Structures are given as structure tokens and as C-alpha cells.
Amino acid sequence: ERKLKHEDRFQLSLFLKDIGMGVEEQCRFWAGIYSGYKTGGPGGNLWADRSAKYRYGIRHMYGLEGRRVEYKSKTCRRVMEGGGGNLHCPLVGEVEDIAKYLRTRNMNSEKKDKVVLMCKEGKARMACGSLAGCGREVDFAGPAQLFLVARRDRS
């Protein structure tokens, strides 16, 4: 099933916000996804039937509606701890699962072994920075910050 649960949709939306996606761009993003869900409602699809609710939610997380609080995406620590939805860090947990995940990545075996070792040592954030291709030790609090550092490093 493609439809994300509320908490997962909320965290993805916050991540997109934190990497610089604007309100209207985010509305177009979700409209594109939820227009594909056919319903028996008057609009014929999930976005058309609930667009006011979804737009309000998006605007709310940007601090433009409701209490006017601007929300931030979860930090790596919060993602690693879990809690709410299906959001989790693939670099925390059983080393066999991490190695299996890394086999799906296009990278040399030396780098994979280095990442697995970092995970075994409890250095998931360092491993994540290595996977992001930063080529250096990076200090970041959450996935959105890492994304921005990696994008800047590639520019």
C-alpha cells in the first residue's frame, strides 16, 4: 500500500520542508501522490476529496496556520529511538540486517565493511555520513541536515 500513515507522512513532509521545499511545492507533491487514490467521494480521488484538510496540515507545519508553530523534522537520535509510524534508521539494529541493506547499495566492499564496522561500534550517524558520500566526518543532527551537507559537498 502506498498511502503513508499520518506520522510517516508528517515526518516526510517535515523533511521536505527542512531541505527547502516550499508550501506550494509541497502541496503539488502530495496532490500528485494522493490524486492516484480513487475514492467514491465527490472529487473521485483522495486529494480532491480532502485537499482542504491536507493543505491546512501542510500550512500548519510551516507555521502558517493554527498555533503558528514551525515544526522541525526528527533528529537522528529520535529516528534511531523509533516511536510513531514506520520511520526508522536502517543503520541501527541487527548487523545482518544492515549488511543486507548495504548489499542493495552500489558501493565497493571495503566501504561496506567500514560502514558495518561503524554500525557494530554504535556509530550509526558516522556510518550514515559515509554512505551519504560526504568523504569526511560530518556533524549533523538529523537526516535533513545531512542531506543539505551532502548536496553542498557534491556541488
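Student: Which ring does Arg125 lie over?
Tutor: Arg125 sits over the face of Phe140, at 5.1 Å from the ring centre. Keep in mind that this is a predicted model.

Student: And Lys17, which ring is that one over?
Tutor: Tyr62; Lys17 lies over its face, 5.7 Å from the ring centre.

Student: Let's back up to the overall fold. How many helices and strands are there?
Tutor: The protein chain has 8 helices and 0 strands. Read from the N terminus, the order of elements is α-α-α-α-α-α-α-α.

Student: What does the C-alpha trace span?
Tutor: Along its principal axes, about 55 × 30 × 30 Å.

Student: What share of the residues is buried?
Tutor: Buried residues are 35% of the 155 in the protein chain. As for contacts with a separation of 6 or more, 45% of them join residues 24 or more positions apart.

Student: Back to rings. How many aromatic pairs are there?
Tutor: The count is 7 aromatic pairs. Take Phe15 and Phe147: their planes are at 75 degrees and their ring centres 5.9 Å apart, so this pair is edge-to-face.

Student: Where in the chain do those two sit?
Tutor: Phe15 is in helix α1 (residues 6–18) and Phe147 in helix α8 (residues 143–154).

Student: How exposed are Phe15 and Phe147?
Tutor: Phe15 is partly exposed, at a relative accessible area of 22%. Phe147 is partly exposed too, with 33%.

Student: What about Trp30 and Tyr34, how are their rings arranged?
Tutor: The planes are at 20 degrees and the centres 5.6 Å apart; planes under 30 degrees apart count as stacked, so Trp30 and Tyr34 are a stacked pair. Both residues lie in helix α2 (residues 23–34), 4 residues apart, which is about one turn of the helix.

Student: Are Trp30 and Tyr34 buried or exposed?
Tutor: Trp30 is buried, with a relative accessible area of 3%. Tyr34 is buried as well, at 1%.

Student: Which aromatic cluster do Trp30 and Tyr34 belong to?
Tutor: One formed by Phe29, Trp30, Tyr34, Tyr37, Trp47 and Tyr54.

Student: Then what does Trp47 contact, leaving aside neighbours within four places in sequence?
Tutor: Trp47 is in contact with Cys27, Trp30, Ala31, Tyr34, Ser35, Tyr54, Arg55 and Ile58, with those neighbours left out.

Student: Which residues have the most contacts inside the largest nonpolar core?
Tutor: Tyr34, Trp47, Ile58 and Tyr62, in a core of 18 residues. Helices α1, α2 and α3 each supply at least two residues of this core. There is also a second, separate core of 13 residues, which includes Val79, Met107, Cys119 and Ala127.

Student: Which residues of α1 are buried?
Tutor: Asp8, Arg9, Phe10, Gln11, Ser13, Leu14, Leu16, Lys17 and Asp18. The buried residues of α1 pack against α2, α3 (46–61) and α8.

Student: Gln11 is on that list. What does Gln11 touch beyond four places in sequence?
Tutor: Gln11 contacts Ser73, Lys74 and Leu87 once neighbours within four places are set aside. Its relative accessible area is 9%, and under 20% counts as buried, so Gln11 is buried.

Student: What comes just after α1?
Tutor: Gly20, which takes a positive phi of about 110 degrees.

Student: Last one, Tyr56. Where does Tyr56 lie?
Tutor: Tyr56 is in helix α3. Its relative accessible area is 40%, so Tyr56 is partly exposed.

Student: What does Tyr56 touch, not counting residues up to four places away in sequence?
Tutor: Glu65 and Gly66. The Tyr56 side chain reaches the backbone nitrogen of Gly66 at 3.5 Å.

Student: How many residues apart are Tyr56 and Gly66 in sequence?
Tutor: They are 10 residues apart in sequence, and 8.7 Å apart in space from C-alpha to C-alpha.

Technical notes: Residues numbered from 1 in each chain as written. Predicted model: local features only at pLDDT ≥ 70, side-chain atom pairs only at ≥ 80, totals over all residues. Heavy atoms only, no water. Phe/Tyr/Trp six-rings, centres within 6.5 Å; stacked < 30°, edge-to-face > 60°. Buried < 20%, exposed > 50% of the residue type's maximum accessible area, 1.4 Å probe, protein only. Lys NZ or Arg CZ within 6 Å of the ring centre and 35° of its normal. Contact = heavy atoms within 4.5 Å. Core = buried A, V, L, I, M, F, W, Y, C linked by side-chain atoms within 4.5 Å. Polar contact = N/O pair within 3.5 Å; in protein donor to acceptor, adjacent residues only side chain to side chain.
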